[in-house]
Amino acid sequence: MSTEEYVINATRKGIAAFGCAAFIATTAACGTAGDLSAGARLQRALDRLGEQKAVTVSVGFDGSEQRIWSALKGSDGFTRADARMLAGLDVSLSVSAARPLKDLKDGKDVKDDKAKGASVALRVSFGRGEDLMEMRSLSDGKTYLRVDVQQFLSLADDLGSAQSKDGMKGFRTFLDAADDLPSSYRSVKDALGGKWISVDPAAFKEFSRSMAAAGPAGSPLPDTPELDAGTQERITKALRRALERNAKITDAGTKDGADIVKVTVPAGKTADALADALEPLADKLPDGVSPSDLKDVPDKDVTVDVAVKDGTLSAISLDLDQFDSGDEIHGALPLTVGFAPDAAPVAAPAGATPLDPQDVMGAMMQLMMGGMDE
């Protein structure tokens, strides 16, 4: 396994573990509380979070480069550079709306009144000064994006194999040639230069359809299989019931001024209950997904620590070693999810350049023709 494949795989597992932990923490409050006050405190904290109009959620490893290296060294393809990158990893998701976030659960309501929908911002940083990437999607349908291409290339140099670095040479040549594009392609040059651009998702979607229709035999865009809303709701309810019946909530004292509530879920027992509940939906699940697969979940407890500060959910912490079924993680590797209520509303960045899909195609064609001339 190459270094970049390992990092992608490790990051994917971390994100999956975060999603699992967040769902456990936010749905287990009605479970079997070993300490009733702990369960009630957790439920109140979740309710108060939903009453906010803006929240920022941040994800990162709670440990230094050395701690991450100690936990993962010896794993196939993992290097010191990988540990340094993961130690600096900071991902944040901000959500804001004109009304409490708990009132945005009904997707139909948001669709009918966009002005009352949520605005979302995603930011990714690796502790190298400027953010690697930031995206903002506003409730009015406008989307803004900024990518630090040079930082991306620097990360590729640090983490990539010799083969991938050779591939990046072509991309660097592409960037160098982009500097010579006419001023009419300003939006493309701004995008490659790490400046803010605005994107109309509908225009790009229509452009993609037009390009696909112009392809061989007017080939259509491939359909992405999706679960219907009813099936999604039944799956969510089944998972919620399995957690509520099996989760145990206990008081774990205080830390850094916050009350710690420990949520423990027997993974094997919970997975078996979920598998039984999903069996009637087996024919509606995507190909290759079967409820019986859940029967293979190891019979061990998964524990999530939830911090409640000033009556509001402030952090979720879990040890990724709990999710390691092999021998990839050696010792504790904590991942922390922080919650900042009353965050600033997500707003449009100043000076963003509109990116036209026709400009993208024109610039690519011109660069390709320039390469052919050379």
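Predicted model: local features only at pLDDT ≥ 70, side-chain atom pairs only at ≥ 80, totals over all residues.
Residues are numbered from 1 along each chain as its sequence is written, and side-chain values use heavy atoms, with hydrogens and water left out.

Helices (H or I, at least four residues) and strands (E, at least two) are DSSP runs, numbered from the N terminus. Strand 2 (residues 54-61) is mostly covered, with 7 of its 8 residues buried; buried denotes under 20% relative accessible area, exposed over 50%, and partly exposed in between (1.4 Å probe, protein chains only). Two strands pair if DSSP finds at least two bridges between them. Strand 2 runs antiparallel to strand 3 (residues 90-96), to which 6 bridges join it, and Val59 has Val91 as its bridge partner there. Strand 2 is also antiparallel to strand 12 (residues 334-341), through 7 bridges, and Gly60 stands opposite Thr336 of strand 12.

A nonpolar core is a set of buried Ala, Val, Leu, Ile, Met, Phe, Trp, Tyr and Cys residues joined through side-chain atoms within 4.5 Å. The largest such core has 44 residues, of which Phe61, Ile68, Leu72, Leu313 and Leu333 touch the most other members. Elements that each supply at least two residues of this core include strand 2, helix 3 (65-72) and strand 12. Helix 2 provides the largest share, 5 residues. Apart from neighbours within four places in sequence, Leu313 is in contact (heavy atoms within 4.5 Å) with Ala45, Leu46, Leu49, Val306, Ala307 and Phe339. A second, separate core of 8 residues includes Val188, Ile197, Val199 and Leu355.

Thr353 lies in strand 13 (residues 353-354) and is buried, with a relative accessible area of 9%. Beyond its neighbours within four places in sequence, Thr353 is in contact with Arg186, Ser187, Asp190, Trp196, Ile197 and Ser198. The side chains of Thr353 and Asp190 make a polar contact (2.7 Å); this term denotes a pair of N or O atoms within 3.5 Å, where, within protein, one must be able to donate a hydrogen and the other to accept it, and residues adjacent in sequence count only if both atoms are side-chain atoms.

The buried residues of helix 10 are Thr231, Ala238, Ala242, Leu243 and Asn246. These residues lie on the same side of helix 10, because they cover an arc of only 130 degrees around the axis, the arc being that of the directions from the helix axis to the C-beta atoms.
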